[in-house]
Amino acid sequence: MELFSYFRSTAAYRVRIALGLKDLEHDIVPVNLVSGEQRSEDYLSRNPQGLVPALALDSGETLGQSTAILEWLEEAHPYPSLYPQELLEKAKHRALCQHIACDIHPLNNLRVLRYLGDTLKLEKTQVDAWYAHWIQRGFTAIEKTIGGFDDAYSLGQNPGMIEAFLIPQVFNAYRFNVDLSLFPNIVAMDKRCQTLPAFAKAHPSRQSDTPQEERS
Ligand SMILES: N[C@@H](CCC(=O)N[C@@H](CS)C(=O)NCC(=O)O)C(=O)O
């Protein structure tokens, strides 16, 4: 498989984590979002939406949308599962993932922030306030859920889809200097995950397209 990815893309970061948790072999194909490679004819022929991630399967098909890709990975490669097995718990797990994917990320992704600044001419402080507002509102609800876990991770001793969605969003919040002091459970979850190989390998500072100054 080939994952079309950009080091800083939170949606691509989700898929990198899941591929690592399932230990699935893949190559990363960097798509430079700053120079506009996502709008090249070649990339649009794979993913007409012009967004990363996209996953090219061994069959020759290409999938777009990180949630669809993650669901495909889970169904095509069920072990280890990234969801709880019990039906209601699974639905709750999915609800938290959708909270991030549908109600936080779309309000705060790069093209929205650029529209606020470049087209609507908002000041940088106003754009930053917009970003922080939606993160803090979303994280307030997530903090409670994470605090209710009995164990270290959403699946007990193992991380699952929740962590694959949450950790990239935390990375992004740090990148925009959002104060996370009100979310100790989320911060602690992030620290725990960073010690695991699947998360360490997927981190934006360790990708082949990470610029030298952002490597760690
Ligand atoms: N809902 C999509 C969101 C994908 C998305 O917004 N990707 C961003 C990077 S995180 C992107 O490719 N932006 C490029 C652009 O807006 O031109 C998903 O989950 O895959």
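Three helices, α1 (10-21), α3 (66-76) and α5 (110-119), each contribute at least two residues to the shell around the ligand; helices (H or I, at least four residues) and strands (E, at least two) are DSSP runs, numbered from the N terminus. This is a predicted model, in which local features need pLDDT of at least 70, side-chain atom pairs count only at pLDDT 80 or more, and totals for chains, interfaces and linings use all residues. Residues are numbered from 1 along each chain as its sequence is written.

The ligand is surrounded by 16 residues, the closest being S9, A11, L51, S66 and R111; a residue is near a molecule if its C-beta atom, placed from the backbone, lies within 6 Å of it. Domain 1 (2-80) and domain 2 (87-200) each provide at least three residues of this shell, with domain bounds taken from an automatic or database domain assignment.

Attention now turns to the sheet. It is open and consists of 4 strands in the order β2-β1-β3-β4, with mixed pairing; two strands pair if DSSP finds at least two bridges between them. β2 (27-30) and β4 (62-64) stand at the edges with a single partner strand each, so one side of each has no neighbour in the sheet. From one strand to the next, the twist averages 25°, where axes are lines fitted to C-alpha atoms, for helices over the stretch in contact, and angles run from 0 to 180 degrees between N-to-C directions.

Strand β3 (residues 54-56) pairs with β4 in the antiparallel sense over 3 bridges. The bridge partner of A56 is T62 in β4. Helix α1 packs on the sheet and touches β1 (2-5) and β3, contact meaning C-beta atoms, placed from the backbone, within 7 Å. The direction of α1 makes about 150° with that of β1.

Note on methods:
Two residues are in contact if their C-beta atoms, placed from the backbone, lie within 7 Å.
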